[in-house]
Amino acid sequence: MRARGDGRVLPVAIILLAILAIWYVGTYAMNAPFQRDLDRRGGVTRSSTDFFIATMTQPKPTLPAPHQVATNVFENTFLRKITSNRSLVYHAGVTLASTLLGFAIGTALGILIAVGIVHFVSLDRSLMPWLIASQTIPILALAPMIIVVLAAVNLTGLLPKALISTYLSFFPVAVGMVKGLRSPDLINLDLMRTYHASGAQTFWKLRLPASVPFLFASMKVAIAASLVGAIVGELPTGAVAGIGAKLLAGSYYSQTIDMFAALIAGSVVALLLVTAVDLASRVVQRRMGARTA
Amino acid sequence: MHNPASQLQPASPAVPPAVSARGLGLTFETNDGPVQALADVDLTINKGEFVSFIGPSGCGKTTFLRVIADLEQPTQGAISVNGMSPQQARERRAYGYVFQAAALYPWRTIENNVALPLEIMGFSAADKRARIARTLDLVNLTGFKKKFPWQLSGGMQQRASIARALSFDADLLLMDEPFGALDEIVRDHLNQQLLELWERTSKTICFVTHSIPEAVYLSTRIVVMSPRPGRVTDVIESDLPRDRPLDIRETPAFLAIAARVRDGLRAGHSYDE
C-alpha cells in the first residue's frame with residue numbers, strides 16, 4: 001500500500017498544481033471584463049496588482065478563484081452546525097440518504113432482473129431491449145414526471161427522489177450480474193449435474209459466488225450513477241435541501257462560489273462512496289480466497 | 001468374456017455389471033451436418049475393474065464417458081449403469097467424475113471443495129467432517145485443507161478434485177484424462193497413488209487417456225478406440241500382476257501389452273494422417 005502511495009503522490013501533485021494554475025489564469029480572464037466595467041462606472045483607477053486582486057475577490061464572480069471556493073467549502077463544512085441550512089454536511093447528508101436508498105433498491109432490482117434473465121429464456125429475449133431503451137431516456141426529463149406521478153399517489157419525500165437513483169443504478173447491476181451469473185465454465189456446470197444438484201443448489205453454490213466480482217465492479221458504477229441521480233432528482237423537483245438544491249439556489253442568485261462548493265461536496269461524496277464499495281469488495285473477495293495483489 | 005474382476009468380487013447373476021453398452025451410437029447435429037461421435041459400441045465393464053480408454057482425439061472416448069455419466073444422450077443402442085439407465089444412476093449419485101481440469105471452486109478452501117458434493121447430497125455435519133478427513137488423507141492433502149486452490153500446484157489441485165469425487169463413496173469412478181495437463185514426474189506419482197487407491201477402495205474405474213504407458217500401467221483392461229466414426233477396435237486384457245511398481249514399465253510383459261495397444265491403434269488407422 002505504502003509503496004503504491006509513494007509512487008503516486010508526485011504525479012498527482014503536479015497535475016493538481018497545473019489545474020490550479022490554469023484555474024487562476026481562467027479566473028483572471030473571466031472576471032477581468034466585469035471588474036473593468038465596474039471600475040469605469042465607479043470612476044476607480046487601480047494599479048495592475050490591485051486590479052488582479054480585485055478579480056480574485058469578487059463576491060459573485062463569473063468564475064470563482066480556487067481559494068474562494070476552498071474558503072467557502074471549509075467554512076460551510078467545519079464551521080457551521082450540521083443542522084444549519086448553510087452547512088454542506090447537511091446538504092450532502094440529504095443527498096447521501098436518497099443516494100443510498102436508491103442504490104440499495106437499484107442493486108436489489110438489478111440482481112432480481114439478472115436472475116430472471118438468466119433463468120427464464122422468455123425474459124432473456126423480451127427484457128433486455130427495454131432495459132437498454134430505459135437508459136436512453138434523459139433522466140432530466142423523466143425526473144419531474146416520476147415526482148409528480150408518485151405525488152399523485154401520495155408518495156412524497158425521500159422515496160421518489162431515491163427512485164430516480166434507482167432508475168440509473170439498476171442497469172449496470174443488471175448487466176453485470178447477467179454476465180456474472182453466466183460466468184461459470186461448462187465444466188463447473190457439468191460437475192453440478194454429476195451431483196444431481198437442483199437448480200437452486202446450482203444457483204446458490206455456483207452461479208451466485210461466481211458472480212461476486214462482477215457484482216462489485218457494477219456496484220462501483222451504480223453507486224456513482226446513484227449519486228448523479230440523486231443530485232439530478234433534486235434539480236427540477238423543487239427540493240429545498242441537498243446538493244442539487246444548493247446548486248439550483250446558487251444559480252438563481254448567481255452565487256457561483258456556493259455552486260462550486262456544492263460541486264466539490266458532490267465529488268467528495270462520490271469519492272467516499274466509490275471508496276466504500278471498493279473496500280467492501282476487497283474484504284469480501286479476500287474472504288472468498290482472492291489472491292492478495 | 002473372461003472376467004478379471006472375479007477374484008475381487010464373485011460374479012453372480014444378481015450383481016449387474018457397472019457399465020453395459022449394446023450397439024451404442026451417438027450422432028451430434030452440428031452446423032456442418034451430423035457428426036458420428038460413437039458408433040456401435042458393445043462393451044461390458046464389471047465391478048472392480050480398472051478400464052482405460054485410449055485413442056486419438058475424436059475417437060469418442062470422452063463422449064463414451066460422458067454418456068455413462070448422463071452428460072450426453074446416446075442416439076442409438078442401449079446402455080445401463082449398475083443395471084439402471086444412466087439418468088437413474090446419476091440421480092442416485094452412482095459415480096464420481098474427475099474432469100480434465102481440476103474445476104475446483106476458487107472461492108472455496110480445499111476442504112470446502114471436497115465438502116461441495118456432500119452439502120448437495122445432504123450429509124450430516126459430523127459425517128461430512130469424517131468424510132473430508134478420510135478422503136483428504138487418501139490423496140495426501142490433509143495439511144492443505146485450509147488452503148485455497150490457487151495456493152496449490154496443478155498436481156495437488158487434481159488430487160483435491162479426486163478427493164471430491166471420492167468423498168460420497170460412489171463405487172464407480174469416471175476419470176477423463178485427469179493427469180493430461182500434468183508433467184511426467186507428477187503424473188508417475190499420481191498414477192501410483194491412483195493404483196493404491198483403487199486397491200484399497202475396490203472401486204470400478206473408467207479412465208480416459210491418450211498415453212499408452214499410462215493405460216497399460218493402470219488397467220486391468222484397455223479399450224482401444226479409433227475415430228471417424230468413434231468405435232471400439234480392440235479390447236486388451238492385461239495379465240500384469242496387481243502389485244505394480246513403476247519399473248514394471250520396463251519389463252517384457254509390460255512392453256508386449258504396450259505393443260499390442262499400439263498395434264490396435266494402428267489397425268484402427270489412428271496413425272494415418
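Two residues are in contact here if their C-beta atoms, placed from the backbone, lie within 7 Å. Keep that rule in mind as we walk through this structure, which is a predicted model.

Let's start where chain A meets chain B. Chain A puts 15 residues into the contact, and chain B puts in 18 residues. Which parts of chain A do the touching? Helix 8 (186–194) and helix 9 (199–234) of chain A each supply at least two residues of the side that touches chain B. Of the elements of chain A, helix 8 gives the most to that side, with 6 residues. Sort the residues on chain A's side by type and you get 6 nonpolar, 5 polar and 4 charged.

Now step back and look at chain A by itself. How spread out is chain A? Its radius of gyration is 25 Å, well over the 19 Å that the globule rule gives for 293 residues, so chain A is more spread out than a compact globule. Its C-alpha atoms fill a box of roughly 90 × 55 × 35 Å, taken along the principal axes. Of the 293 residues of chain A, 31% count as buried.

Next, zoom in on a pair of helices. Two packed helices are described by the angle between their axes and the distance between the axes. In chain A, helix 4 (residues 88–119) and helix 7 (residues 158–181) pack at an angle of about 35°, with their axes 5 Å apart. The crossing of helix 4 and helix 7 of chain A is right-handed. What sort of residues make up this contact? They divide into 21 nonpolar, 9 polar and 1 charged.

Finally, head for the nonpolar cores. The largest has 78 residues, and the ones that touch the most other members are B:I68, B:Y95, B:L174, B:C206 and B:V261. Helix 5 (residues 154–166) of chain B contributes the largest share of this core, 6 residues. Take B:I68 as a case to look at up close: leaving aside its neighbours within four places in sequence, B:I68 is in contact with B:V19, B:V81, B:P86, B:L174 and B:C206. A second, separate core has 46 residues, including A:A92, A:A224, A:A245 and A:A261.

Key
Residues numbered from 1 in each chain as written. Chains lettered and ligands numbered in written order. Predicted model: local features only at pLDDT ≥ 70, side-chain atom pairs only at ≥ 80, totals over all residues. Helix = DSSP H or I, 4+ residues; strand = E, 2+ residues; numbered from the N terminus. Nonpolar A, V, L, I, M, F, W, Y, C, P; charged D, E, K, R; others polar. Rg over C-alpha atoms; globule rule 2.2 N^0.38 Å. Buried ≥ 20, exposed ≤ 12 C-beta atoms within 10 Å, placed from the backbone. Core = buried A, V, L, I, M, F, W, Y, C linked by C-beta atoms within 7 Å. Axes fitted to C-alpha atoms, helices over the stretch in contact; angles between N-to-C directions. Left-handed = near helix turned anticlockwise from the far one by under 90°.
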